[in-house]
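My entries follow in the order I took them.

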Amino acid sequence: MNINGLFAHTLTDLIRGIRQNKKNEQGYIAKEIADIRLELRRNDPDLKAQAIAKLTYLQMMGYDMSWASFHVVEVMSSPKFLYKGIGYLGAVQSFNQETDVLMLTTNLIKKDLASANASEIGIAINGLSHILTPDLARDLCADLVAMLNHSRPIVRKKVLLVLYKVFLKYPEGLRLSFSRMKDRLEDPDPSVVSAAVNVICELARRNPKNYLSLAPQLFKLLTTSSNNWMLIKIIKLFAALTPFEPRLTKKLLPPITTLIQTTPAMSLLYECIHTVIAGGMLATTGSGSNAESANMLAATCVTKLRTFLEDPDQNLKYIGLLALTKILPTHPHLVAEHKDIILKCIDDPDISIRMRTLDLIVGMANKKNLTEIVKRLISHLLPINENEVVTSAALNNGAATAALMDPAYRADIIRRIISICSQNSYANITNFEWYLAVLSDLTNIAGVNVGDVLMQQFMDVGVRVKSARAYTVQLMMRLLADKKLTEPPRPEDSNSMVLLAAAWLTGEYCSLLENPEAALELLAQKSTAKLDPAIQATYLQTMLKIFAYWMNSLQYSWNEEARQSLIEMLDLLRDGIKDMFSRSPDLEVQERASNISVILDIIAEHVPRTPLKIGNSISFAPTMPKPPTVLGSLYPLFFNQELNPVASKAQKKVPVPEGLDLESWIHEPVPEQEPESSDDDDFLNERQSRWGEEAVTGKSKKKGKKGRDQEDTKESAEAKAKRKAERRERQKHDPYYIGGGGADSPKSQKKSQDDLDVDSIPIVQLSMDGFAKPIVMRKKDKSGSKKKSKRRERSRSPPVIPVEFAVEEMPEDATLSASEDESSKKAQGRAGFNGSNGRGILDQDNSALHDVDLSVPVGEDEHLPRAKPYMKPEEVRQYEDELAQRRRVEALQAKKESKKSKKSKKEPTGKSEDKEKKKSSKKSKSKEEPLIVLETPVAAKSPTPERPRSVEPTAPVVAAVVPEEPKAKKSSKSSSKTKKISSKKTPKAPVIVPFPERSNIELALDDNIALTYDIALAQVSLDAPTSPGSEPESEPTVSIQVKVHNRNLTEPISSIRATLADSFDVRLGGAQAGEDSVRISSSSIEPQSSASLAMDLLILGRVRYELRVMGTLFYEVNGHEESIEFQFAVPPSSFMLAIPRLTGADFSKVLTEQLESFSATGSATVQLSSGTTGQDEVFWDAVEKITKEVTHTHVVEVVDGAASFFGQSWQGYQVAGLIKVNKSADADGSGSKAIEVEMKCTDQTFVDGLVKEILDVEVY
């Protein structure tokens, strides 16, 4: 450090100064920042590092240090470890994705990663994980992957962790480096293995299906490792993999069961239980030993979860309840056995635990425990009596008491009580009078407003349960007389809405009333005027109904006492309605009150006001006069027919009358009129689209086709004049239109308006995309005050009587065949996973990782990109000289070509065509031997015959292929193309001969051996194929012939054996079943010789495009054992059978009769090679390649530019397709052509694999 650095402020001085200058902190920091700027301008590295340390501290306080980014990079490049750490810390704190100087850090970080000091490597990796950009990730990925073989375990572990961040920024690097990362699962250091498992587990969260190939290695770690945290990660990963591979469940069951029974770690125990639930291991759909083992495992899990609930740790208690909630749907009886400990959790002070317990209780309720559960829940709602002893624990638990008195929590408990009682149409209730009493008690809960829910329950039970109506009416009378409901001190916190149900039920079933007069007096009391208008309207209707019933009963006991009672009741009702309801501000209440007042007045006029005179009959007995006829006039209006509940599916079962089309219009809809809010809007609506087209026409007048399109859109002159006259007529009578032609307007202004051509005004289209949508603020519900209420003594319920439900009404001639399970299907759809597409502001977009397919092998030409090093000045000059020389050569060639083109224009057209024909004939002669094509004679009607519209399969063109020479490898591709010998004849559609086996496919290569293989269906599978539409009775077998060629010139190779990787999809079959490896028949292979290794593979998994087999071939050369890894694909087309050809009629019949079976579809668009042959020849070459070589099908019928094909697989899948020329291709015959392939199949996965096989071929 120089003399200037001795007097500079250090970080300690800066912190001390900030503390001492509290009154003027801003000014002090501003002075320090100015000093830091001066320090950074000096060339002293110690001073710069000290300045960056102070800036980093100030950045944590909120001050910007982005202006010092370049100086941070300088400190990062310091050779001193202390200063390098300060630089990386400053970069972590201040750099972001848009920092410009990040491009300068690539070589710097590469240098630090190559350091011999592990601490420097650790600092570089840690800093890189925070400042990674897509460019840095791409340039450094190769270096990081190479460091996976570092000698220090700490470095390997850190590299694995930072690779996760690299893959998020550079997803392409995942596939290129996955094999190297997978090898770290077998690292000798357990910390490295744990880091690899962590990274793979995080990657699998985004696309678990990609990591199914790791199941064998992960299973080995699961059974051998003792690291609990790593086991948790592995079990989480298996929980994500089991939905994609159900066979994993059976494999994982023994080790996970052992862990559940033996592990003392609560975290590992929970993850094991969660994996058991998520993997469907508790499902008991089967029978026998599988069901018994599933029940035993479920009982073990529930028993272990009880220890979670008994633990004082709140977190363990919560996750225990969460796990029990997930087990409840499959094993409710096991969860119900632990009802005692679950109900104790309701008293927990933690609100989250109480809410989770309520969720569990709702699903646990049944007929046996419903009463106990409801009683326990109601005890939380009622206040503590004064006589009860309050413990010290309850006094200290003030937060829990406050939470219990929370109105939202209490309202939630009431809704849950109603939910568990009313679920499945009250299936758990055996005594409805008990349930009605519970509802009545819930109405008196203070501080909670759930009147709407209680009202619906009272009305539903009263209407549906016929046997409980008498008790319901009695209970409703008590509610009508309850002062807490009719005169509540705080109406917003009361459940007064239950009075609506009480009034309605009392009026509807008034025949069950013991004293109708008392009910009328309750309805007419003065406190009714303070109730809700909806309740008042119901009161009025109920008054009239009860009065009608009571008045009708008077005519059977008409006497003076009855007359007096009727007059008194009429006066009471008339005065009450007039005083309380006639002047109501609510229109519904006012209208009903007026109508009822008129009815009561009419009745009062017909009721005698004088005392009744008693007469004498012949037998000298007193007789009463006849009652007035008005007494029975109202009764038939309300009680002629009983009101029954309507079935839930009644509307769906209404039969549609014959001849009624519900889809057709009864009257044609009126066309929408244009808005007339303003003349400008009308003008815009009329001319907007036409003006846009005219603007385009003005720019493209030179193009004749576009000009003709624009002329078709122009309106006629009559339509213009008519629209103009209508607009003027509207403006004439519009007082808000400026210059509308009134008497006060000048003549010049009127004249100018008449002459104005509004249609000529251009229209500017305005976009509202830039404006933000308005934010709608929602008001929060106000919670009422908490109020205590004394526990009310409730009389015992009457004895249980048989429940009698009312008959649900259905429409006449209801269609009994209507679907009854539509609601259940909708419920299942709603119960599915409801994923949210929204993403938070802190979430990163890692969708590119989903598209990475790890099953595709890495090609030889694929490798990780490496950052280009900076060139020296002399290298830059050399590169510029070479570039200038290359441009001069290209310019000379361009001049020569231009001269040739001028000469060719001067020559006649005929000569140039002759030259081209000669060149093409020479090229065709120089090619390899053509295929021998036999053609049938065709009678040509013209010099240029056209292709017939359809060709019958009985008279096709047969293509016989000349066998290839075994040594001619280059001619194998070109010899498959068919050429015409005679160019004058019209090309015919070839009949594809039986498809060949896939042979001589390159497999692997190293310095000693070369591997190729042949693949075909085994004879055992060909003897017993599966018929269409049926399930395969066994798995298909594929025969593989691996050809091993010794590339050495002098040394033989021996001890050749091949092993296959563990897979759930493929295993050795036939005579090799149960063996670990396959050995070659010969003991050794001499130099430059070959031998074959045969194996039969039993395909266990579903046939798909990604089905691949991996293995390793071991051999000895020079006394040393060598190995080479290989991987070959089993494409879906390998399972296609050579079935007899179908005729066009049979093909149409199959598609027509089995149309529903061909539900799977697929399509592909491929490019045709642009050769010297004609368009038809190229097209039919492509047809031959698609049907014969790729999909292994046969052509059925051909038409002009199209061909249909058909095939069948061993599994019974049928494939039908159509190949046709893409109409969008060029018509002049130049350039590449495209054809479209459309297929239908009976299996979607199979046809998807065939489509991918077609697309994998680059050019046809």
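**Entry on strand 9.** I began with strand 9 and strand 14 (residues 1090-1099), which run antiparallel and are joined by 9 bridges. I took strands (E, at least two residues) and helices (H or I, at least four residues) as DSSP runs, numbered from the N terminus. Two strands pair if DSSP finds at least two bridges between them. In strand 14, Leu1093 stands opposite Val1042. Strand 9 covers residues 1037-1046 and also pairs with strand 8 (residues 1009-1017), antiparallel, over 9 bridges. There I noted Ala1016 opposite Ser1039 of strand 9.

**Entry on provenance.** The model is predicted: local features need pLDDT of at least 70, side-chain atom pairs count only at pLDDT 80 or more, and totals for chains, interfaces and linings use all residues. Residues are numbered from 1 along each chain as its sequence is written, and side-chain values use heavy atoms, with hydrogens and water left out.

**Entry on strand 20.** How many residues of strand 20 (residues 1202-1209) are buried? I found 8 of the 8, so strand 20 is largely enclosed by the rest of the structure. Buried means under 20% relative accessible area, exposed over 50%, and partly exposed in between (1.4 Å probe, protein chains only). In a regular strand the side chains alternate between the two faces of the sheet. Here Ala1202, Ser1204, Phe1206 and Gln1208 point one way, Ala1203, Phe1205, Gly1207 and Ser1209 point the other way, and all are buried.

I then went through the partners of strand 20. Strand 19 (residues 1194-1199) runs antiparallel to strand 20, with 5 bridges. Glu1197 has Ser1204 as its bridge partner. The hairpin of these strands has 2 residues between them, and Gly1201 takes a positive phi near 75°. Strand 21 (residues 1214-1221) pairs with strand 20 in the antiparallel sense over 7 bridges. Gly1207 stands opposite Val1215. The hairpin of strand 20 and strand 21 has 4 residues between the strands, and Gly1212 has a positive phi near 95°. Strand 17 (residues 1136-1137) is also antiparallel to strand 20, over 2 bridges. Leu1137 stands opposite Gln1208.

**Entry on helices 4 and 6.** Where do the axes of helix 4 (residues 45-60) and helix 6 (residues 81-94) come? They come within 9 Å and cross at roughly 35°. Axes are lines fitted to C-alpha atoms, for helices over the stretch in contact, and angles run from 0 to 180 degrees between N-to-C directions. Among the residues that meet are Ala49, Ile52 and Ala53 in helix 4 and Ile86, Leu89 and Gly90 in helix 6. Contact means heavy atoms within 4.5 Å.

**Entry on helix 5.** In helix 5 (residues 69-76) I listed Ser69, Val72, Val73, Val75 and Met76 as buried. Seen down the axis, they fall within an arc of 160°, so they line one face of the helix. The arc is that of the directions from the helix axis to the C-beta atoms. The cover over these buried residues includes helix 4, helix 6 and helix 7 (106-113).

**Entry on Phe178.** Is Phe178 buried or exposed? Phe178 counts as buried, at 6% relative accessibility. Phe178 lies in helix 11 (residues 172-183). Leaving aside neighbours within four places in sequence, Phe178 is in contact with Tyr211, Ser213, Leu214 and Leu854. I also checked Ile200: Phe178 and Ile200 are 22 residues apart in sequence and 9.8 Å apart in space, C-alpha to C-alpha.
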